[in-house]
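These are my notebook entries on a single protein chain. I record what I looked up, entry by entry.

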Amino acid sequence: MSKVAFIGLGAMGSRMAASLLKAGHELTVYDLVPEATKKLASSGAKTAASPRKAAEGNEFIFTMVRDDETSRKVWLDATNGAVAGMKPGAIAIECSTITPGWARELHNALSKTGTAMLEAPVSGSTPQAEKGTLVFLVGGDAQTLKSAEKVLTAVGSSIQHAGPAGAGALAKLVTNTLMGVGLSTIAEMIGMLKRHGVDAKQVLDAVAGTAMWTEHLTSDTKSMLSGNFEAKFPIKLLAKDLGYTVTTAGGDALVPTVSAVRDVFLKAIDEKLGDLNMTAVVKLFDKDS
């Protein structure tokens with residue numbers, strides 16, 4: 001088994017770290033909120049006082065944080081950043097949803113220190129993280145990926161190599177953008193169906209028998225129609241990701257559809273829905289939800 005550090009123990013990170021521990025890897029954990037480490041510590045993980053301390057002596061260092069800014073601080077802070085604590089030959093695995101520009105910059109920074117990196121954002125939410133069935137969308141060197149497979153397979157059931165540095169981040173933005181566009185569309189359609197006085201579930205069940213439907217839409221529609229908006233992936237994070245896509249694409253004019261959908265989720269944040277699950281966007285179109 002390997003010596004692994006995991007930095008960032010939110011809803012996803014805590015579950016991913018637990019999978020590594022369950023698989024028998026020696027685990028060190030860190031989170032900005034010390035309370036977040038307690039459950040893992042009680043299960044056998046070591047705790048660290050900083051990202052640098054978490055990285056020291058470990059072969060693989062995972063991070064799962066909110067955005068580019070947090071990722072930069074966690075990795076490159078001159079005093080407490082994880083890079084300062086990594087030993088030569090260690091592999092950094094950045095699982096956060098970040099921009100490809102920052103991913104490439106981080107790859108370059110790590111290569112100068114004698115360490116390697118994969119950006120490995122995931123497709124899936126808390127249920128998949130709980131079960132260890134996440135899909136990794138990997139950017140980086142194929143040999144580095146081969147070396148990291150033993151720890152990635154403890155957390156996910158599928159590893160998709162998207163290409164070189166930055167490609168994993170791009171694949172993640174495409175994935176979340178497709179999700180956001182589909183989600184906004186279903187929310188609008190539920191509003192339309194209810195205004196027409198029909199049984200929205202019955203109509204959508206019929207649509208689910210066509211090639212246009214996906215398993216993801218089934219779970220999202222169930223959430224919207226039941227009004228269960230427990231936060232698995234909150235609106236504020238999806239809005240952030242859609243904003244990253246617009247920026248990465250070169251601006252609103254080059255991705256007008258994505259730009260419009262981003263604005264829908266930003267409106268949801270303005271309506272105080274940002275901390276609810278992404279499916280709560282239906283509240284903008286169906287006031288009974």
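I take helices as DSSP runs of H or I with at least four residues, numbered from the N terminus. The model is predicted, and I read it as such.

**Entry 1**

I asked which residues of helix 8 (residues 142-152) are buried. I found Thr144, Leu145, Ala148, Val151 and Leu152. These residues cover an arc of only 95 degrees around the axis, so they sit on the same side of helix 8. As background, I recall that an α-helix has 3.6 residues a turn, so residues three or four places apart point the same way. On the face turned away from the buried side of helix 8, I noted the exposed residues Gln143 and Lys146.

I next examined the start of helix 8, where a side-chain oxygen of Asp141 comes to within 3.0 Å of the backbone nitrogen of Gln143. I located Asp141 in the loop that runs between strand 8 (134-139) and helix 8. Its relative accessibility is 45%, so I list Asp141 as partly exposed. I also checked Asp141 against Ala54, 87 residues apart along the chain, and found 24 Å between their C-alpha atoms.

**Entry 2: aromatic rings**

How many aromatic pairs are there? I count one aromatic pair. The ring centres of Phe6 and Phe62 are 5.4 Å apart and their planes are at 10 degrees, so I record the pair as stacked; the cut-off for that class is under 30 degrees. The pair links distant parts of the chain, with Phe6 in strand 1 (residues 3-7) and Phe62 in strand 4 (residues 60-63), 56 residues apart.

**Entry 3: a backbone angle**

I looked up phi of Lys272 and found it near 65 degrees, a positive value in a residue other than glycine. For context, most residues other than glycine have a negative phi. I place Lys272 in the segment after helix 13 (256-270). With a relative accessible area of 74%, Lys272 is exposed.

Conventions:
Residues are numbered from 1 along each chain as its sequence is written. This is a predicted model: local features need pLDDT of at least 70, side-chain atom pairs count only at pLDDT 80 or more; totals for chains, interfaces and linings use all residues. Side-chain values use heavy atoms; hydrogens and water are left out. Rings of Phe, Tyr and Trp (its six-membered ring) pair if their centres lie within 6.5 Å; planes under 30 degrees apart count as stacked, over 60 as edge-to-face and the rest as tilted. Helices (H or I, at least four residues) and strands (E, at least two) are DSSP runs, numbered from the N terminus. Buried means under 20% relative accessible area, exposed over 50%, partly exposed in between (1.4 Å probe, protein chains only). The arc is that of the directions from the helix axis to the C-beta atoms. A polar contact is a pair of N or O atoms within 3.5 Å; within protein, one must be able to donate a hydrogen and the other to accept it, and residues adjacent in sequence count only if both atoms are side-chain atoms.
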